[in-house]
Amino acid sequence: MVDCRLEFPATQRNSKPIANVLQGVLPRIGTVLEVASGSGEHAVSFQKLFPSLRWQATDLSLLHVKSISSWINYEGLQDIMPVPFVLDVSLSPWQLPKDLVPSICAIVCINLMHITNWDHCKLTIVESARLLRCNSPLFIYGPFKKNGKHVSQTNVFFDKSLRERNPDWGIRDIEDLEVISNNVGLSTKRIIKMPANNFSLVFTKLG
Ligand SMILES: C[S@@+](CC[C@H](N)C(=O)[O-])C[C@H]1O[C@@H](n2cnc3c(N)ncnc32)[C@H](O)[C@@H]1O
């Protein structure tokens, strides 16, 4: 098989702090649906760390899905890790294999919200709320504003550069994400300040 592994430097840097949070958030068994998995470096690292879970990686980009497959092969995880597939979070309802849905125990979304438009952010939350069972978590990680304000000068520059690349992109406000989540039956469980001006947001599906 051709080696299509991509390497994202930021992904390698933030893996450990994210894993530390996930440790206290993820259920013990079931399938974690990860959207926008990117290179797949998080996916394989978290699959190794949480062997009783099945880590279902997905991404919009076929190039990234190929990278995820290559990482799975490289790490020798083919027997325990599901085959990654293309999932576009902007298409409602999400196109998921039917047998996957009942096994979903958590949804993970890392570094997507700032590089997609606001409607797709909302849809990601709405679809997660539809798919998750009672008490199951939605974990979102990335750079965010708090109460409409940037938390660092670096984020001000980053936000500007994102909007220059695409006017529909940009750093979102935690409170806006909370309003959407709370309106669709996801309660805010934890908001954790992370290294490099990022946050982990943990929502759980209400009964
Ligand atoms: C900044 S990268 C983050 C990748 C990975 N989660 C990480 O943190 O390394 C954003 C990812 O979102 C994916 N993406 C963008 N729009 C998407 C969409 N509509 N549906 C699913 N994935 C999308 C991109 O292909 C890319 O892999």
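Student: How many residues surround the ligand, and which are the closest?

Tutor: This is a predicted model: local features need pLDDT of at least 70, side-chain atom pairs count only at pLDDT 80 or more, and totals for chains, interfaces and linings use all residues. Residues are numbered from 1 along each chain as its sequence is written. A residue is near a molecule if its C-beta atom, placed from the backbone, lies within 6 Å of it. The shell holds 22 residues, and the closest are Thr11, Ala36, Gly38, Leu60 and Asn111.

Student: Where is Asn111 found?

Tutor: Helices (H or I, at least four residues) and strands (E, at least two) are DSSP runs, numbered from the N terminus. Asn111 is not a glycine, yet has a positive phi of about 55°. Asn111 is found in the loop between β4 and α4 (118-131).

Student: Is Asn111 buried, exposed or partly exposed?

Tutor: Count other C-beta atoms, placed from the backbone, within 10 Å of the residue's own: 20 or more is buried, 12 or fewer is exposed, and in between is partly exposed. Asn111 has 19, so Asn111 is partly exposed.

Student: How are α1 and α2 oriented to each other?

Tutor: Axes are lines fitted to C-alpha atoms over the stretch in contact, and angles run from 0 to 180 degrees between N-to-C directions. Helix α1 (residues 9-23) and helix α2 (residues 41-49) pack at about 40°, with axes 10 Å apart. Angles under 35 degrees are roughly parallel, over 145 roughly antiparallel, 65 to 115 roughly perpendicular, and the rest oblique. Therefore α1 and α2 are oblique.
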